[in-house]
Amino acid sequence: MRRFNLSILISVIALLAMAGCPKPPTGNTGNTGNTNTGGTDGQARARNYNFPLPADVKSLDPAHITDTVSDSVAQRLFNRLVKFDTDGSVEPDLAESYEISDDGLVYTFHLRSGVKFHNGEDLNADDVIYSYTRLVDPGTNSERANLMFYVTGAADYLNGSAESVSGLKEVDERTVQISLSAPYAPFLNVLCMTTFGVVPGSEVTRDEKGFGANPVGTGPFVFESWTPDERVVLKANRTYFGQVPEIETLTFRIINDENTRFENFRNGTLEHCDIPPSKIKTVTDDPKLSGLISGEPAMDMYAYGFNCDAAPFKDNAALRQALNYAVDKQNIIDNIWSGLVTAQNTIVPAGMFYHYDGSTGYPYDPKKAEELLAQAGYPKGEGLPPLTLNIDLQPTNKLVAEAVQEDLSRIGVTVNIETTDWGPFLDKVYAGNSLFFQNTWLGDYPDPDNWLYQLLHSENFGDAGNISRWSNPQFDRLVKEAQVEPDQQKRSDLYRQAEEIALSEAPWLLLFWKNSSTLVQPYVQGLTITKMDRTPQLNNAPIEEVTYSD
Amino acid sequence: MRDLLRQLFRHGSGFVGLVIVFVAVVAGLFCGTLSPFSPTYQYRGQEKLPPGSAITADEARQASYADNGQRSSGTFIWGTDSSGRDVYSRVLHGARISLLVGVVATIINVLIGLLIGTVSGYFGGWTDTLLMRLTDTFFAFPGVLLAIIILATLNNDEVKSVLGSISGSIDPGIWGLFIALGLTGWTGIARVIRGTVISLREKEFIEAARAVGCSNSRIILLHIIPNCMAPLTVLATMQVAYNILSEAGLSFLGLGIQPPNASWGGMLSTAKNYFYDMPWWGIFPGLALALTVLGFNLLGDGLRDILDPRMKVRT
Amino acid sequence: MSETANSGQEPAAAPADAGKRRRAGEGSAFWAYVLKRLGAALPVLIGVTFICFAILSAAPGDPVRILMGQHYDEEIASELRVSLGLDRPFLVQYGMFLGRVSHGDLGRSYVKNLPVAEYLAPKFGNTMQLTLVAMFIAIVFGVSAGIISSAWNRSFWDYALMLLAVAGISLPVFWLGMLLQLLFANHLGWLPVSDMSYSGNPEVLWNDVGGSYIAWLWHMSIKYYVLPGFTLATVPMAIIARLTRSSMLEVMKLDYIRQARAKGLAYPRVVITHALRNALIPIITVVGNNFAVLLTGAVLTETVFAWPGMGRAMVEAINQLDYPVVLGGVMIMAVVFVVVNLIVDLTYGLVDPRVRYG
């Protein structure tokens, strides 16, 4: 070893670098045939759907799903009693049929027969009871326990004063009865959420903590593997009670960077993807790509919230209105989103039985904004401290914030932008430590209740959903009335009155509705993107119905 | 000083560096008067314009820029960004941030490095061991990450309100950059100064000073430090380049200077996604950054050749 | 952030430790030296984690709140705080951390549903691969440029290459990365914009390339390394080129080189076999230093090329206040730094037979 060669150092480094080289799929490098692949491109592709996700999955246990990314995977693994059709109406799923008593208090579900869990066990009524009871079991500590509170006795069970949930009853092996403590019109909608996915009791009790990483359901796809920060792989459920998917492998690929997703789509290694706002021009200018866009305005809100429980926004509707009038939404829509979003003029989005079509919201009107600002006690912004606007790290959201910052500076309001990661952002907003913040919401179910009650009712004050900490007794009363009202026309009227109050009181700075615009490969057929989808997660698009045309 | 300039002039590349640095300093100092437009004002309707696009008085009247006290007509010589801001004016204002951070952070680096290096080298013994272990520790700490962690810690409401109140018209984020970069880049300086001090310590004039009864602090201040000036000048010039690059890197990651204020790294981080459609938005701040850093590096090389002839062959 | 050794820290010579030229037996003395060096590294590791721990403990934000997400409940939160030891005094928490680390346990991530070691291991591997590729490029091109410059000292090529080298040190890596993407990926379409491997079905690709292993490997993996590899290599390449040139020039002035030339040996042979070997010590030092710095600081290159490496994971962890990951990552990086420097020092012995370990 007395003589040393630079070439040794170089070769060592080269060898180390090469150690990670992938092995060819056939295992025999000299073999040019395709012994294992068994066919052409089309066939090989037909067996795999590459599905992009913008972040890693957190848990696949229905009781612990709070984010759209985890939900996107879990949707394909579990069935609920009822599910949404692609137009947002409720249709039977695990339940073959259901009846609702005249007083709207008792729901009876008749289960399909012959449904098997992925582990081969039969699904029975007691699995439904188990899954629902589990949501309010203190041991489960589900983030979504509050969704069960409409069911009689659920709250008692959670606080330990009852042995079981009295409102859940197994009539026979195929029949489940759920009683509510008060009529709740959107109840069937709520039952469509992934939270109410039915899990096998035997499997969960065996390893409750591990279930979220090793889920077993009844859905069209079976869980295969989850490589953190890389991919989740599902296989088609060959014994699915519904239509067995043509796709054999559904691979969720976790790609944080929107441009990388786009490049992957262009290289043909993703079956669909979202369009990065900075690339919209590239896409619309390219005839090959522009023909591949599908999607529509979704129930996906991007707005800002004011903290209505703290100075200067507390009890100062004029100030909140002034800021609303000062923002040029069209500029944001045209310049940042190149027309792929729609101005927000209402609180409840279009696409459900109630929508306030006639609302003009807050059109851009800086003169009016200045008047209102003076009326609010801050003429030309004098005396108003600089407002810190909290947003997350998405680059496009930063551009939107800069546009709002500029608009507000023109009426004399100073805004400082603070960008933080999603976790710390929520931490700040939920704790009420932010005055002015990004307020986004993707509808859980197509009912105004999911917007007006969940996001603005004082029962949900703070981290339960009403992060603007706004409260108005009259609004509260109207929304509560609408919850128990069985007649849809009357509900619409009540929501109209409630929404008008909320619009004029302006607890939010209205911005825009996102579109679910998604690029889909031309050979992918039957991927219906719904109003309830956020792209690229596509939580509700029925992936099991996808077929390939070539 | 004049002698130094003459030598630099003869050095060639060092002089080129000096000229670049001079231009950058002028841009940074007088960016307010040199900028044709406001660096933060969004000219609505003028977004994504290529270099050389002009805005006429008519267009300006329609969009009522003049009402906002903004300059209403002129040419966007380096184009506009996706929000309709003048890229040229933003690059000029970015120079101020870059130079300010580069110089102030370097001053902090030099103060810490000088203190640790002289004390360590002069006193030796366990003081030396202890201080060098500390230096090793900071050297082993991944520099970028330490800066990011410090910035994250300073991103605190109380700290920010204090800093905000003392920064006036300058972005309060700049204080975090001063501290983060000031605390991370001193290890190289400390080591070199220590080496120089050790070699000086045994010199006769130091022995003489000690014999006359000079106190340690007097010897350090009057005899040791002046003799460290040559390597220190070279190191500090290079360190400014390094700190400017680091500031741009941190801003590129979204830390430091906050929108709408202009910094080169911040501009590049947004321009990155639009690079294909709007190359000018990313080219000009990148060029400004690369040239400024090149200027300081060339100047540093030149100074090393002149001030530290022992190291001459090393360039 | 410049992903390089501080230009002020270009090492002029081997560290003092390695230069100890004492006579001693090889073998046991060698291992004693290794042990001694590792022992000396311990305070550095403790110092690094302590600094990190101290700064993080002052950071804003409540990890428990982030851990719990939407439904914050004071009772559960305080239980969680106790179980994580977050209610304890700072020094106790740090002691607990050291205790766990000494058992090889880096803790569990707050945000990812994984132990820190398990989460960081693949990221570390990805960064390691990129760094090796970059170092390979940097050595091959840097040493070649340095040799050319020194062999034809003061020629046009000397000036041109050295100007390129200064430019290389001055270029912001992320900007260079963007320019390379624009040219080679967007305009020419030769190389991928980002990502680190082909994400489609490898079998389909195998058929597409007609079963050629080299072509398959290129499309599967290699082509993804080219742009980030060159981007990350720029700065060390420039430093290596400058240093090779200067140490070659220094060596070539020495007597024995003159003698070799006087003996009538061909100029290229003198340059390669005699001069280069003796110019290697400073080059190895700079390779070692830069290797560790690249490995620990590829944050920006990884960001530009969406490379799923350690640097990006660390920035993400800092942003998410995922302290166990931050601490674990800093710890791993410091260990790598220490080990690489040790390897560099040991390499001197291979290069220069006069060096003995004592």
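Predicted model: local features only at pLDDT ≥ 70, side-chain atom pairs only at ≥ 80, totals over all residues.
Two residues are in contact if their C-beta atoms, placed from the backbone, lie within 7 Å.

**Entry 1: chain B as a whole.** I began with the secondary structure of chain B, where I found 14 helices and 2 strands. I then looked up the extent of the chain and noted that its C-alpha atoms fill a box of roughly 80 × 50 × 35 Å, taken along the principal axes. Of the 315 residues in chain B, 54% count as buried. When I turned to the contacts in chain B with a separation of 6 or more, I saw that residues 24 or more positions apart account for 75% of them.

**Entry 2: the domains of chain B.** I looked up the domain assignment, which gives domain 1 of chain B as 10–35 + 93–314 and domain 2 of chain B as 40–85. The centres of these two domains, taken over C-alpha atoms, are separated by 37 Å. Where they touch, I found 7 residues of domain 1 of chain B in contact with 8 residues of domain 2 of chain B. I sorted the domain 1 side of this boundary by class, and wrote down 6 nonpolar residues, 1 polar residue and no charged residues.

**Entry 3: chain B against chain A.** Last, I looked at the boundary between the chains, where 15 residues of chain B are in contact with 19 residues of chain A.

Key: Residues numbered from 1 in each chain as written. Chains lettered and ligands numbered in written order. Helix = DSSP H or I, 4+ residues; strand = E, 2+ residues; numbered from the N terminus. Buried ≥ 20, exposed ≤ 12 C-beta atoms within 10 Å, placed from the backbone. Domains from an automatic or database assignment. Nonpolar A, V, L, I, M, F, W, Y, C, P; charged D, E, K, R; others polar.
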